[in-house]
Amino acid sequence: MASEGEIFSLSGPLFLTSIDWRNTDHRRCVAVSLVQSVYVLELDRQQNRQGPKALAPPWWEFFHFRLIQRLRDCEDHSYFGAIFEYTFPNSHLNYSYYSTHTQNQNQNKNQNQYHQNPPKYVFAFRGTVAKKDSRSQDFKLDLRVIRNNLHNSSRFSIASQVVESTVNNNAASDIWLAGHSLGSAIALTIGRDMVIERGIHLETYLFNQPFVSLPIEKIKNEKLKHGVRFTHSVVKAGLAVVVKIQKPERPHKNDHFTILSAWVPYLFVNPSDPICSEYVGYFEHREKMIAIGAGKIERIATQNSIRSIISTAIGKESVPSHLLPSAFVSVNSSPSPDFNRAHGIDQWWKPDLQCNCKLYQCNL
């Protein structure tokens, strides 16, 4: 039996009867609804809901999208992602002209200023589904996220290939990436790779993105929390310097963190969710360190994790994929009484959502 959260007419953002694509809240609701549709696609598959019984289509049709491809995991055959194409409700609009015109307008702008029109394609990725037909593979991938090894999975390879193929034939401004939890980690890794390897900035929506770190944000005493974070930064910076001296980088090695600093994904965080809450302190602490004159220490610390430093020390290159130089961060300030509410995807399309939003732009 379907839960209320799977049924668009009962729990979806029905208030968005008209989309203003210049409105960041509207774009957020569309992006997260398409991610939710992937969850429902997989549940439709598991419960053999087909044709008129399928519950997923309203989640994209309401916003004038059509499903053009399901992305299937080759291990458990579950649907972990989908590609959606926007279908203009007004037939007089010529997409070819619109796409070229938008690209020409934006080509000389800072690449973190995305176009204010609907995307042509959206790649959406779901998180973990704790059902018998999908939980085993999903939990394995969750462990890969913790071990910073998601990029070596077949699921990531499938997702990366279809995104790259679409980018090859379209303007970057026509494409969105979106994901929740595990799916957010996939979207983030693809987005990072596109920036580092090709210099392409895709508009990206990351909901409850995992942050693998000590749970410092759970400390209630602000002075103690700042002291722990300061000490953590000093230790990381010191270790990073020692490892760099012992294992100097090649003279022409690209600084990925610096390259990524111009890319500004949209990051949605709930401070009550232990999976993503460390992002709150991560960005705030960086500003505090600069304010107290410890910017040089934080400049080194913010580019590294303890795991990546140790991996480098033993000869295994490791990029801390959860670390972001820049992001437009939205922190849900609405009460979340339990983990399910704090980590749930549905919080991000609620009409009464209260967020504190701030742009963190890293200039290295």
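**Going through the model**

Colleague: What am I looking at?

Modeller: This is a predicted model, in which local features need pLDDT of at least 70, side-chain atom pairs count only at pLDDT 80 or more, and totals for chains, interfaces and linings use all residues. Residues are numbered from 1 along each chain as its sequence is written, and side-chain values use heavy atoms, with hydrogens and water left out.

Colleague: How many helices and strands does the protein have?

Modeller: There are 13 helices and 8 strands. Helices (H or I, at least four residues) and strands (E, at least two) are DSSP runs, numbered from the N terminus.

Colleague: And what share of the residues is buried?

Modeller: Of the 364 residues, 51% count as buried. Buried means under 20% relative accessible area, exposed over 50%, and partly exposed in between, with a 1.4 Å probe and protein chains only.

Colleague: Take α6. How long is that helix?

Modeller: Helix α6 covers residues 154-168, so 15 residues, and spans 21 Å from first C-alpha to last, close to the 21 Å expected at 1.5 Å a residue. The expected span is 1.5 Å times one less than the number of residues.

Colleague: Which residues of α6 are buried?

Modeller: Arg 155, Phe 156, Ala 159, Ser 160, Val 162, Val 163, Thr 166 and Val 167. They lie on the same side of α6, because they cover an arc of only 170 degrees around the axis, taken from the directions from the helix axis to the C-beta atoms.

Colleague: What covers them?

Modeller: The cover includes β1, β2, β3, α5, β4 and α7, with contact meaning heavy atoms within 4.5 Å.

Colleague: Changing topic. Which residues other than glycine have a positive phi?

Modeller: Among them are His 77, at about 65 degrees, and Asn 208, near 55 degrees. Most residues other than glycine have a negative phi.

Colleague: Where are those two?

Modeller: His 77 is in the loop between β1 and β2, and Asn 208 is in the loop between β5 and α8.

Colleague: Buried or exposed?

Modeller: His 77 is partly exposed, at 45% relative accessible area, whereas Asn 208 is buried, at 0%.

Colleague: Last topic: how many disulfides?

Modeller: The structure holds 0, a disulfide being a pair of cysteine sulfur atoms within 2.5 Å.
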